[in-house]
Amino acid sequence: MHGEYKVPGGKLVVVDLDVEDGVLRGVRVAGDFFLEPDEAIGAINSALEGAPADTDAAGLAARIDAALPPGTTMYGLTSEGVGVAVRRALAHATDWTDYDWQLIHDGPQSPALHMALDEVITAEVAAGRRPPTLRVWEWGAPAVVIGSFQSLRNEVDPEGAERHGITVVRRVSGGGAMFIEPGNTITYSLSVPDALVSGLSFADSYAYLDDWVLGALGDMGVKAWYQPLNDIATDAGKIAGAAQKRVVADGGAVLHHVTMAYDIDADKMLDVLRIGREKLSDKGTKSAKKRVDPLRRQTGLSRAAVIDRMIASFRGRYGLAEGRVTDEEMSRARELARTKFSSEEWTARVP
């Protein structure tokens, strides 16, 4: 069995192993990481040899930590990362490069249609009728997108939304509210087979699916990292939030979408969103305005240039062919946008 895992912000860990009588055998750990002293790699292999095959990643990491020689130094590698690579080998997980990725980057769409396209495209990936897809959104109108389980009245000031012409929609994934203005927001979705995140915990899958964008931001001079559970942050503040939805039908798939702040009208946002003190209490700031630090200031690039560089970074890593929403997909999405995502029943399902 073969498993690979790129440690977020670190290096690639590769594990080859067999399972005999319910335990790990012939474990071989490799990768482009740095490790001192030399004998530490043997200690890692020995620690994993004979481990029960149902040991979780944390348990495997504990075995490794207990076996490492005193003074061991790891760079680009963690014992937890090795544990995850083992779990991915056991789960027969796939890798990014196992797929022919497709890009969808169409013109502006309504907020409700974007919600529907996410649902339809991810279902098509789960069914095997569409390859894994990166979809970059263009917004046709300003919006507030609330999470699947958020209270509408607690999150949105209806008078503020009406005053600023803001459409309110509810997405299928959890997480918090997003304030959207077309020229100030960068949003993308990844619709991927479940096999790509096999062996990863729910939390680890967030960092794993956005490691590529951290690299793209780094190339633009922005040092960013994943801040659990679902934020992309810099020293200057949060720049993006992610959310996921799992599809269990057919072969299974994961919808992972991210909204990034290219620029922001903080006064307007605070006039529309009801951001309370409790939500800010663990963010290290007293002001919602300071929670988000836009990419426009950090990169000095136009929004289009940031998007182009993100797409180029993804393509350089994994390959990316130009694609489109099929007529059948668009027909289904338009129907969903009308009957579900534009309906009061769905938008106010948690009043």
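Me: Which helix holds phenylalanine 202 and tyrosine 206, and how many residues apart are they?
Reply: In this predicted model, both lie in helix 7 (residues 202-209), four residues apart, about one turn of the helix.

Me: What about phenylalanine 341 and tryptophan 346, what kind of aromatic pair do they form?
Reply: Edge-to-face, with 5.8 Å centre to centre and 80 degrees between the planes. Phenylalanine 341 is buried at 1% relative accessibility, and tryptophan 346 is buried too, at 14%.

Me: Which residues form one aromatic cluster?
Reply: Tyr5, Trp96, Tyr99, Trp101, Tyr188, Tyr208, Trp212, Phe314 and Tyr318.

Me: Switching to helices. At what angle do the axes of helix 4 and helix 13 cross?
Reply: Roughly 130 degrees, and the axes of helix 4 (residues 111-126) and helix 13 (residues 327-341) come within 8 Å. That angle makes helix 4 oblique to helix 13.

Me: Left-handed or right-handed crossing?
Reply: Helix 4 passes helix 13 in a right-handed crossing.

Me: Which residues in helix 4 and helix 13 meet?
Reply: From helix 4, Ala112, Leu113, Met115, Ala116, Leu117, Glu119, Val120, Ala123 and Glu124. On the helix 13 side they meet Glu329, Met330, Arg332, Ala333, Arg334, Leu336, Ala337, Lys340 and Phe341.

Me: How many of the residues in that contact are nonpolar, polar or charged?
Reply: The contact of helix 4 with helix 13 has 12 nonpolar and six charged residues, and no polar ones.

Methods. Residues numbered from 1 in each chain as written. Predicted model: local features only at pLDDT ≥ 70, side-chain atom pairs only at ≥ 80, totals over all residues. Heavy atoms only, no water. Axes fitted to C-alpha atoms, helices over the stretch in contact; angles between N-to-C directions. Helix = DSSP H or I, 4+ residues; strand = E, 2+ residues; numbered from the N terminus. Parallel < 35°, antiparallel > 145°, perpendicular 65-115°, else oblique. Left-handed = near helix turned anticlockwise from the far one by under 90°. Contact = heavy atoms within 4.5 Å. Nonpolar A, V, L, I, M, F, W, Y, C, P; charged D, E, K, R; others polar. Phe/Tyr/Trp six-rings, centres within 6.5 Å; stacked < 30°, edge-to-face > 60°. Buried < 20%, exposed > 50% of the residue type's maximum accessible area, 1.4 Å probe, protein only.
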